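Here are a few friendly notes to read alongside the model. Keep the 3D view open and find each residue as you go.

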Amino acid sequence: MRIEVLSDHPRAQLQDTDAALARERDRIAEHSRAVDDLRRRQRASRRWWQLGRWLRDARELQAVQRSTPVADPAVLHRRAQQQAGVDAEDRVAAELERLLRGDWTLFRGYANRRGEVDHLLVGPAGVWAVEVKGRGVRVHVTGDDWRFEKFDRYGNRVESGVLADRRGRSWGRQVGEVAGALGEFLRSRGASVPVRTAVVVMHDRGELGTCRNPGVDVVSIGTRSLLDQISRTAAVLDRETQHKVANLVRRDHRFHAQRRSGGRR
């Protein structure tokens, strides 16, 4: 398998969050040094004729201590989610590279006008758009209604909600819209190739609950169900068509990347 990175938005987001946390740690360290300096000044102002200076330093110390900066828990939570997402994508790529047989190309971070998909496979069994999620939850799907339940280590449900991206699209619709736009582009360039879709939950505590009419070809906990489905799919693309589709994927991604950055085709 050939792996080609078109973009790595999740890792870029993680790096931005790490930079923000580093700046916050620097502010906390600077504040701690300021407090230590004020305490030293106060200890040096203990003689009776230095009472005015001592009181001034005491008031300044109290004011500084009241403004002690702390790391934002929301940023720490976001960082943990981003790291889980990056780790999940890396694990899926590694398992596909190790287990998928045949002549395949794995594109990481393909994007078009409808958004971005984590992995795009092009090979003998066609084109597969794969969205990866690193959530330790039980997934329930009924049509376009994707929901989750989260349990603690004792089996108690502690959280539930909707599985959707920032645009409000379910996980299935998120990958489906990108795949649909890619399919339209390929047909417009003379490559009438269906783009199959999959959502892979890559987490040790991930589970699949109800799954009815999910709107995608595969909902997989781990990569096994995805790999099984690919292996059962008849070969539809010869090598020449695979190369044509791969080149079109690169071209389409580059076009939309340039549009987003304000460049020209």
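**Notes on a loop residue, a core and a helix**

1. Leaving aside neighbours within four places in sequence, D103 is in contact (heavy atoms within 4.5 Å) with R2, V122, G123, P124, R239 and Q242. This is a predicted model, where local features need pLDDT of at least 70, side-chain atom pairs count only at pLDDT 80 or more, and totals for chains, interfaces and linings use all residues. Residues are numbered from 1 along each chain as its sequence is written, and side-chain values use heavy atoms, with hydrogens and water left out.

2. Where is D103 found? Look in the loop between α3 (73-99) and β2. Its side chain makes a polar contact with the side chain of R2 at 2.9 Å, and another of 3.4 Å joins the side chains of D103 and R239. (A polar contact is a pair of N or O atoms within 3.5 Å; within protein, one must be able to donate a hydrogen and the other to accept it, and residues adjacent in sequence count only if both atoms are side-chain atoms.)

3. Now turn to the largest nonpolar core, which has 32 residues. Such a core is a set of buried Ala, Val, Leu, Ile, Met, Phe, Trp, Tyr and Cys residues joined through side-chain atoms within 4.5 Å, where buried means under 20% relative accessible area (1.4 Å probe, protein chains only). Among the members touching the most others are W146, L182 and V245. The largest share, seven residues, comes from α4.

4. Finally, follow α4 to its end: G190 comes after this helix (a DSSP run of H or I, at least four residues). The phi of G190 is positive, near 80°.

Key: Buried means under 20% relative accessible area, exposed over 50%, partly exposed in between (1.4 Å probe, protein chains only). Helices (H or I, at least four residues) and strands (E, at least two) are DSSP runs, numbered from the N terminus.
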